[in-house]
Amino acid sequence: MTRLRGIRFSPERFAVLLAAFLIALPSVSWAKRKEDQLRDPTRAFSFDFSAGDPRDALEAYVNFIRRTSPGLDGLRAQYMAADLLLEEGELDSAAAIYQQLATVSLSDQFFNYSVLQKLGDVYMRMGKYKEAAQAYEDVSQGPVKALYPESTLGKASAALAMGDPKKAYLHYQELSAFHPYYRTQPRLQLPLGMVLWDMGKYAEALEFFKKDAESPASLYYAGLCQRALAKPSDAVSTFRTLLQKHPGTEWSDRATFEMGETFYQQNDYPLAAKTLEELSDKHYKGLWHTLALYRLACTDFRTKRFKEAEEKLWTLYNEGATPMVLPDVTYLLSESLAQQNEIAPIVKLLQAQAKKGSPGGDSTFRLIWALTALGRYSEAIPLANDYLNAGWDPELTPKTLLVQGWAYEHSGRVPDALATYHLVVEHFPTTPHAARSLELMAMNYYRSGQYTPVITEVRHLWTLLPQELRKKYPETLFWIAEVHLALKNSGDALNFYQQFADLARADNPLMVPAFQGMAVASAQNRDFAKAVVYLQRAVDAAQESGDKELAAILSLDLANAHFNGKSYESAASAYRQFQKADPKDPRVPFALYQEGMALHRSEYYSDAVNAWNTLVTTYPKDPKAPEALMRMAKTKFDMGKSTEAVRDYEAFLKSYPRDPQAKDVRLQIGQSYYNAANYPMAIAAYTQFLKMYPKDDQSAMVTQLLQTCYYQTKMSPEEIEKLTAGQAKTGVLADIYWEEAAKLYNDKQYEKALADFQKILFEFPSSSVAPQASFYRAESLFLLEKYAEAIPAFENFVQYYPADPSRSQAMFHLSVSFFNQKEYPKAGAAFREFAKTFPDDPLAKNAALNAGVCFAKAADVDGAVDAYLKYAATYPEAEDLGAVYLQLGDFLEKAGQLDKAADAYSRVPANRPEYAQGLYQAAEVHRKRNDEASQLQSYETLRRSSVKKDPYRIAGLLQLAEMYVAKNNFKGAKALYEDVAANAQDEQSVSLAKEQLKVLQSANP
């Protein structure tokens, strides 16, 4: 899985910031007379000094004092000089003086411990946090209680700087408990908040940061807290406030980056890219340039713009990215190249990285993989050996062994490959790599004709794998079945093939050969009926996987059978699959025409039009083309698309002017104009028709229509006013953008509207129209069919605004977007959640049924069954309930779940038109299961159905009669045939029943 790592400043950087903040606070002055000391003995020693002499002058002054005034006044003068050096940032010089003063023990304890306090401050500025902590601790243990608060604050700062936030928090609790007035001091809000922030107490930290809202640092960390608390809109607003109040500062750069990072973490890649591009454009080099460009590359990668991501990453790599992001740059660059199937550059990249130093296990593995992918096995194998000999990593070692085994196998060293695969299974039996290794072991043994190890060793190792692993990676079962088939152990072969088919995904590449193997095994058992069933399933699987040879042989015949049996939806699907299987087959025009017919009879009119249009445009000279064009135009006319119908009718006359249907086409042109209220054009069409066919049976009707058109044209037509885009004249810029966006949206200019919606979210995230903008942005993407982008947009809207009235529509369209992206498991779960959350919504019923459809498409048997049954339980009076059970049964039957399929068919309510069909289908499933008793029971129930003339009941009675004859129950069979003869509506069934009655009469006079 690709890792796109977040970037966070290290605790050491926070510590330096905090220490600098604390030490840079205004020092307490001791500028008054000695009497002030007695009145206020709570201040540390510090002296005002107005001279601006450089450091050399101060050091000369200190040396002079040491020589001439070794007493208390001289020490205080040295203290003053050190204080000045500290203020000027001359830390080493200041530290040297404080250290020397600390060695002098005076009777004035306040002076002694003030020196220690100052020494701790200078240590903090120098990054010597351990020494600073000790100095502060000495002060807090001393007798001068007036210095306890500042020393406690210093200990907290040092603990935080050393990466011990818990200890820092304890010191701050001590400070708050014994010196509560410190909690209200503005200068302490930031450090207090940072301690809580570093401990993950974001809600508490946020309260401290809010108290110092003018500080850029407080605003920055407040935004980070809000993001950590899953309040991205608040975070963006806070970062934007920082940008407005402190433009052009380091903090504004940080805020810009974190704002882009917030959008990125919410999968809002357009806004993330826009924000980060601003930062990247501002800084052509340096840390912010690196971080922004890297995250922009991540955004490109997430949106599958791999080439763009690669270009940015190469820029970072060649510019010499900082050590903080270089590993991520290298990793993501190799991933981007791999996505573009550019393997050779990956090798060069990783080899260059290895030359610069230790590349790390992950990079080494990727280099081994890349070399193997390029077929450079002689390089990959020894590199893998070196890596494996160097250490043992629970994640990378099995992956490396698997790739090395592959390299052995494809370089002709099969024994070495088998031994390597065995190592993976032996040492990493709970990983997916073990399942893959077993599959490769079985495949190599099979292909080399070594069958015994497969049915002994491989099968035993397979049973030792965890059950969940076997369910997810069942391919080893296929190769075990192949071995049994080769050994003509047909029963075992069928068993293992079935186990594989039950576990594997429908799109598994081994599914088609598995069904073919099952058919062969059934034929070996002389069970030809079952062989046909498996072959049928193989055809279906072949069409799904694009097996052209098999599809071309059988799919067209299958389609015709479905059509003749009036199973039009199945017919349409089969015709379409035939075209995909062999698009150059000369029967494709016929298949297109029949596909359109089947779709039309299934009332999928738009799809039917598309099929016929493909025939007309691709094969205009085919004999079926005129009929297809005629049907296409007539269908559009029936759908109310008069203008499109006219265009097709006119195309017909131009292409096929002598066709017998030309007269009807001319009349239909007039009808189309009439229905579209285009009366002048209708008049012209009707006039032309009467001129060409004055004696036609329909001329009287055409004359009447012509007169009606003239009457209509006598009315003065109203002028159509042009709509103008009005903008609200308010002072709220967000509302103005909203008005413009709404107009564009209502005008179906979704691309332009989308830009304005995003502008609102980007520039006015806290405005009152932000929820609406968020929703309609997602809707615009949805209507533009940009479902991949619509999905995170809908998800973000639902997350940010859970109480918004549009939440139901958003959740439904989110479900549809998942479906259109063919993410059927997610679509099923989303539809199910919608139906559960909004049971009274008009779309809830549709969503509940869609959930079943989605799970069925995902081949999730349990999910589909649960969804369909829940739909039936929730809507027991639904008109389509019978059809739902039939649909469920058909799905289960195709999935090989015959017991469940029979149960589903049997659930069709007796008061539904599909009741007889359900019983008939259930009986057919029981027949496939060789369950004669259940089959008989279903037919008997069907016999008692009150809908005597139902064709499925008639078909069931004929089957039941055959079973009675087979059991020599001629009397019962006679009664059944008499029932058929009395109630059947088709001549074939009546004729068959009468003929059988004659046979029974002659055999049993």
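Visitor: How are axes and angles defined here, and at what angle do helix 36 and helix 37 pack?

Guide: Axes are lines fitted to C-alpha atoms, for helices over the stretch in contact, and angles run from 0 to 180 degrees between N-to-C directions. This is a predicted model, where local features need pLDDT of at least 70 and side-chain atom pairs count only at pLDDT 80 or more, while totals for chains, interfaces and linings use all residues. Residues are numbered from 1 along each chain as its sequence is written, and side-chain values use heavy atoms, without hydrogens and water. Helix 36 (residues 642-655) and helix 37 (residues 662-675) have axes 9 Å apart and pack at an angle of about 155°.

Visitor: Is helix 36 roughly parallel or roughly antiparallel to helix 37?

Guide: Angles under 35 degrees count as roughly parallel, over 145 as roughly antiparallel, 65 to 115 as roughly perpendicular and the rest as oblique. The angle here is about 155°. That makes the pair roughly antiparallel.

Visitor: How many of the 14 residues of helix 33 are buried?

Guide: Buried means under 20% relative accessible area (1.4 Å probe, protein chains only). In helix 33, the buried residues include V588, Y593 and L599. This helix is largely enclosed by the rest of the structure, because its buried residues number eleven.

Note on methods: Buried < 20%, exposed > 50% of the residue type's maximum accessible area, 1.4 Å probe, protein only. Helix = DSSP H or I, 4+ residues; strand = E, 2+ residues; numbered from the N terminus.
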